[in-house]
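Student: I am new to this structure and would like to know what stands behind the terms used for it. Please take me through them one by one.

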Number of protein chains: 2
Amino acid sequence: MQLNLDRIRNHALRNRIVEPEEAATWISDGMTLGLSGFTRAGDVKAIPAALVKRAEKENFKVNIYTGASMGPDVDKYLTEAGIINKRLPFQAEPVMRKQINQGNMYFTDQHLSQTSEWVRSDVLPSIDYAILEAVSITEDGVIIPSTSVGNSQIFAEKAESIIIEINLAQPEWLEGLHDIYDPGQQGSRKPIPLVHPEDRIGEIGIKVDLDKIKGIVFSNKLDSASTIVPPDEETIIMANHLLTFLREEIKAGRLTEQLAPLQSGIGTVANAVFHGFLDSEFNDLVVYSEVLQDAVFDLMDAGKIKFASGCSITLSEKAMENLLTNFERYVDKLILRPQEISNHPELIRRMGLISINTALEIDIYGNVNSTHVCGTNMMNGIGGSGDFARNARYGIFVTKSIAKDGKISSIVPFVSHVDHTEHDVDVVVTEQGYADLRGLAPRERVGVIIENCAHPMYRKQLWEYYTEALTRGGQTPHLLEKAFSWHTNYQTKGTMLMEEKELAEVEG
Amino acid sequence: MQLNLDRIRNHALRNRIVEPEEAATWISDGMTLGLSGFTRAGDVKAIPAALVKRAEKENFKVNIYTGASMGPDVDKYLTEAGIINKRLPFQAEPVMRKQINQGNMYFTDQHLSQTSEWVRSDVLPSIDYAILEAVSITEDGVIIPSTSVGNSQIFAEKAESIIIEINLAQPEWLEGLHDIYDPGQQGSRKPIPLVHPEDRIGEIGIKVDLDKIKGIVFSNKLDSASTIVPPDEETIIMANHLLTFLREEIKAGRLTEQLAPLQSGIGTVANAVFHGFLDSEFNDLVVYSEVLQDAVFDLMDAGKIKFASGCSITLSEKAMENLLTNFERYVDKLILRPQEISNHPELIRRMGLISINTALEIDIYGNVNSTHVCGTNMMNGIGGSGDFARNARYGIFVTKSIAKDGKISSIVPFVSHVDHTEHDVDVVVTEQGYADLRGLAPRERVGVIIENCAHPMYRKQLWEYYTEALTRGGQTPHLLEKAFSWHTNYQTKGTMLMEEKELAEVEG
Ligand SMILES: CC(C)(COP(=O)(O)OP(=O)(O)OC[C@H]1O[C@@H](n2cnc3c(N)ncnc32)[C@H](O)[C@@H]1OP(=O)(O)O)[C@@H](O)C(=O)NCCC(=O)NCCS
Ligand SMILES: CC(C)(COP(=O)(O)OP(=O)(O)OC[C@H]1O[C@@H](n2cnc3c(N)ncnc32)[C@H](O)[C@@H]1OP(=O)(O)O)[C@@H](O)C(=O)NCCC(=O)NCCS
């Protein structure tokens with residue numbers, strides 16, 4: 001273990017340095033751990049690795065609370081080691097996903113702003129150890145987080161004991177970037193005094209009871225790089241549809257050229273659509289988001305974004321390299337906050353965000369499934385999409401109109417799982433166009449969604465369903481016995497597409 | 001038309017008095033009207049009646065925005081007159097419901113805190129006339145609302161013109177009860193300075209541009225009485241389960257005997273369950289709710305509730321008589337606010353409400369349908385239930401375990417419409433017991449819901465579904481081809497209950 005004592009500026013804490021392997025022995029079967037880390041950024045690395053090693057010889061299971069998804073060191077290897085009993089509130093790891101879907105571990109999928117409330121008010125089983133990555137500890141013992149804040153502050157406050165992982169690979173200039181604010185208990189809490197994304201309302205690090213710090217370990221490893229892939233032809237078209245929509249809003253006098261604070265969700269599609277601002281006329285935009293992905297930094301370089309507030313920085317290898325080299329360019333344009341602040345309903349509503357998240361599938365009435373493939377298998381989790389879509393001024397969902405080479409239509413008669421109800425879905429964007437659903441009754445939504453967003457190969461089939469459903473009436477006409485037939489067709493025949501002769505039969 | 005000029009203390013406005021029939025002629029085909037009124041309370045009465053008369057001889061249609069549901073004068077008779085093109089954001093009227101479900105008029109079902117945002121930011125078609133019931137107009141021309149505030153403030157601000165209906169049947173002591181606060185535009189808005197339900201943050205009435213007041217009419221008619229029926233044996237048992245849950249929370253140290261501000265939804269069941277506090281040990285509770293129904297006043301009489309903030313007072317005839325006679329007993333224990341304040345995510349989250357709303361059906365994973373019978377036919381609307389359930393500290397849903405003499409199970413494999421996702425449903429209460437779902441993964445929720453909440457006559461059938469679904473795996477195991485079979489059975493055979501031999505076949 002490589003040390004750097006300068007990173008522990010509080011001298012009294014220097015005698016708490018231990019090897020990760022030793023710290024790992026403190027953790028026993030049945031414990032609950034609260035780990036730093038949000039979408040791979042700032043996750044703890046050394047102690048999870050030591051736990052994996054321990055698991056080779058020993059049987060034990062722990063509950064793991066995090067900010068969001070972690071790098072492979074945590075989510076992949078701990079899963080493979082079989083030591084996770086329950087995991088919350090978000091994950092995005094293929095091996096873990098498989099174990100969850102096979103029922104080998106529990107996954108509690110939560111709105112990312114809510115985990116902290118439940119930890120604070122003792123609803124969830126209490127945390128034995130908070131294990132937090134830091135870049136340094138100040139003279140006063142304040143813990144400076146690294147590339148994410150996540151739930152670290154509340155984990156540190158509520159945990160029985162704390163272990164710090166000082167990661168030497170995380171740059172020291174991160175100190176000063178964070179803004180740590182604790183809203184306090186519900187019921188005796190004051191208004192959160194943040195009105196602009198740039199506002200600083202808290203401290204530069206996490207203040208803890210120093211007696212609770214049981215050990216400090218060192219690590220030296222960058223965050224796992226993000227796995228998003230670059231924009232493609234279709235996401236570029238989607239971005240253009242989104243820009244068209246925003247221009248229409250400006251024309252209608254509802255937005256100015258400054259737009260409103262932007263939020264963009266995780267994943268390839270949301271990142272790519274965000275990227276579309278690069279070739280736009282918009283300048284000096286402000287971001288109030290959760291994860292800051294590659295696009296944010298590219299847009300800063302291009303003068304399109306002047307400021308970004310988030311709760312984590314999750315980058316591809318190349319983008320991370322650029323940030324590490326050219327940090328002076330970005331450092332005063334960034335704030336990292338606890339996820340309950342980046343995702344807080346109070347703030348999202350107050351600032352009136354434009355919120356862009358990705359759907360797996362959307363139905364003809366505008367309900368969105370972001371999580372469950374065929375209603376059953378968990379993809380990642382709802383993440384912050386519910387915090388944003390419900391409270392934002394614009395709840396925008398993007399998706400390609402088809403998946404798996406057209407075997408799946410992302411526009412379906414009835415989504416097989418609902419994460420976002422029609423009430424929270426204002427605008428839908430696919431590579432086909434955009435559907436502005438605001439103020440429309442369910443029957444008015446159908447045509448706009450099918451004609452503007454569905455892939456042409458599925459439009460006829462969608463109209464067939466709706467036309468037949470209409471004969472039965474209702475505010476939201478449906479044929480319950482056929483509502484999921486597209487999904488069961490996909491499961492049994494490998495495609496949602498009906499053959500011409502089946503369609504002909506339906507048409508009678 | 002009976003006049004009382006004392007109710008118009010601003011003399012300059014006295015020459016704007018007209019007959020309702022005259023005011024009704026100002027409204028022309030295609031216009032949009034913003035009406036006062038929230039769950040029957042404080043709805044305008046005279047002008048809608050005049051419009052109905054006009055419709056006997058003339059063809060025209062208007063869009064109608066309100067606070068929530070209105071009395072028959074608006075929602076029933078205007079529907080029967082066939083003059084509504086689109087109605088939002090909530091209704092609860094059998095005749096209107098039928099027309100909506102037959103596709104004869106559009107209904108846009110909205111979160112009740114959101115309509116004002118969409119009016120304010122010009123997303124919805126603009127309002128030609130705001131028509132508002134008032135008890136009086138002050139010297140300064142401030143409009144004093146009656147038994148509800150609803151969306152009146154924003155309608156008045158944004159409408160082209162305003163018509164006031166001074167209702168002489170509404171008592172003058174209502175002046176001083178209201179607290180009218182306008183949060184302002186998203187993006188340039190300040191924190192809402194309300195931290196306790198008792199806080200006053202605004203004005204006693206609605207300030208308007210006096211030039212916009214085109215006419216003042218008089219009416220003299222009490223609000224239509226609420227149609228809720230008194231508690232029955234089952235709702236008393238449900239109330240006891242709720243109280244048991246709250247006592248467990250106190251024992252666990254998560255609540256004190258003061259509990260937290262309470263919200264209770266509309267309808268018979270929520271009112272009856274709320275009533276259950278009458279025989280409890282709790283005293284001096286505080287209510288921060290939307291509609292104040294009968295139970296609130298009974299609980300005040302009993303010293304159980306010391307203060308109630310709402311956006312409307314909707315009472316049975318008897319309870320209204322009592323309030324009118326004994327108003328001194330209640331007047332300083334009440335505040336009425338705009339619905340965007342009573343239902344504001346910022347405030348609901350800050351104060352950490354205990355929120356009790358009613359479900360039509362709930363599935364084995366905790367998703368809730370509050371609106372659509374068999375996924376298709378609108379009952380009332382989502383109302384404020386989404387504002388509360390998402391942001392409250394406790395999102396509690398109550399329902400009887402069966403409906404229609406057992407032909408319907410309110411606990412089903414897959415809800416036929418989702419209004420509230422499992423993320424927002426913390427506790428489910430039926431007459432069978434309560435299920436505390438907080439922190440549970442989907443597979444953990446199933447047993448608790450079936451065993452504690454489903455009716456015994458349906459438990460075996462629910463287990464059958466789940467057990468078979470489990471063989472296919474997944475985070476949320478389902479059999480998509482059978483997910484709605486309970487509903488289709490009800491539609492085709494008149495009951496969700498499978499016969500013994502069908503069950504035996506399933507069991508193989
Ligand atoms: C929805 C989500 C999975 C999309 O991720 P993405 O990286 O942008 O999207 P991709 O197009 O690469 O799709 C991911 C996979 O889903 C598949 N997919 C897409 N639509 C599908 C559908 N309707 N049914 C089944 N699979 C589908 C894709 O084929 C792809 O599969 P692969 O990994 O085998 O190639 C992701 O955004 C997510 O988890 N969202 C929920 C949480 C969230 O929104 N958080 C943001 C809050 S800030
Ligand atoms: C859900 C809701 C309709 C229940 O109303 P209620 O008066 O408490 O409930 P009731 O038990 O009287 O049920 C109303 C009707 O629904 C029927 N019903 C109940 N469960 C049903 C089900 N699963 N399927 C079909 N019908 C059902 C009842 O039989 C009854 O029918 P009837 O009018 O023909 O007698 C009502 O609370 C509502 O509209 N909620 C949504 C809005 C909301 O929650 N607002 C509050 C925010 S503050």
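**Terms and values**

Tutor: Of the 22 residues around ligand 2, those that come nearest are B:Thr268, B:Val269, B:Leu360, B:Asn380 and B:Lys404; a residue is near a molecule if one of its heavy atoms lies within 4 Å of it. This is a predicted model, in which local features need pLDDT of at least 70 and side-chain atom pairs count only at pLDDT 80 or more, while totals for chains, interfaces and linings use all residues. Residues are numbered from 1 along each chain as its sequence is written, chains are lettered from A and ligands numbered from 1 in the order in which they are written, and side-chain values use heavy atoms, with hydrogens and water left out.

Student: How do you know that an oxygen atom of ligand 2 has a polar contact with a backbone atom of B:Thr268?

Tutor: A polar contact is a pair of N or O atoms within 3.5 Å; within protein, one must be able to donate a hydrogen and the other to accept it, and residues adjacent in sequence count only if both atoms are side-chain atoms. The ligand oxygen is 3.0 Å from a polar backbone atom of B:Thr268, so the pair qualifies. An oxygen atom of ligand 2 is also 3.3 Å from a polar backbone atom of B:Ile266. A nitrogen atom of ligand 2 lies 2.9 Å from a backbone N or O atom of B:Leu360.

Student: How much of the accessible area of ligand 2 does the protein cover, and which elements give two or more residues to the shell?

Tutor: On its own, ligand 2 has 960 Å² of accessible area, and the protein covers 77% of this. Such areas come from the Shrake-Rupley method with a 1.4 Å probe, and for residues only the protein chains shown count as cover. The elements are α8 (268-275) and β16 (354-358) of chain B; helices (H or I, at least four residues) and strands (E, at least two) are DSSP runs, numbered from the N terminus.

Student: Why is B:Lys404 called exposed?

Tutor: Buried means under 20% relative accessible area, exposed over 50%, and partly exposed in between (1.4 Å probe, protein chains only). B:Lys404 has 57%, so it is exposed. B:Lys404 lies in the loop between β22 (402-403) and β23 (408-409) of chain B, and its phi is near 50°, a positive value in a residue other than glycine.

Student: Is B:Arg40 buried or exposed?

Tutor: B:Arg40 has a relative accessible area of 18%, which is under 20%, so it is buried. Its place is in the loop between β1 (32-35) and α2 (46-55) of chain B. B:Arg40 has a positive phi of about 75° although it is not a glycine.

Student: What makes A:Arg87 and A:Asp75 a salt bridge?

Tutor: The term asks for a side-chain nitrogen of Lys or Arg within 4 Å of a carboxyl oxygen of Asp or Glu. The closest N and O atoms of A:Arg87 and A:Asp75 are 2.8 Å apart, so the pair is a salt bridge. A:Arg87 lies in strand β3 (residues 84-88) and A:Asp75 in helix α3 (residues 72-80) of chain A, so the pair ties together parts that are 12 residues apart in sequence. Both residues, A:Arg87 and A:Asp75, are buried. Side chains of opposite charge can pair when their charged atoms come close.

Student: Which chains does the salt bridge of B:Glu117 and A:Arg349 join?

Tutor: The side chains of B:Glu117 and A:Arg349 meet at 2.8 Å, N to O. This pair crosses between chains, from helix α5 (residues 115-120) of chain B to helix α13 (residues 345-351) of chain A. B:Glu117 counts as buried at 5% relative accessibility, and A:Arg349 counts as buried at 2%. Over all chains, the structure holds 68 salt bridges.

Student: Why is A:Met1 called partly exposed?

Tutor: A:Met1 has 39% relative accessibility, which falls between 20% and 50%, so it counts as partly exposed. A:Met1 is in the segment before α1 (20-25) of chain A.

Student: Where are the cis peptide bonds of A:Pro89 and B:Pro89?

Tutor: One joins A:Leu88 and A:Pro89, with omega about 0°, and A:Pro89 lies in the loop between β3 and α4 (94-101) of chain A. Another joins B:Leu88 and B:Pro89, also with omega about 0°.
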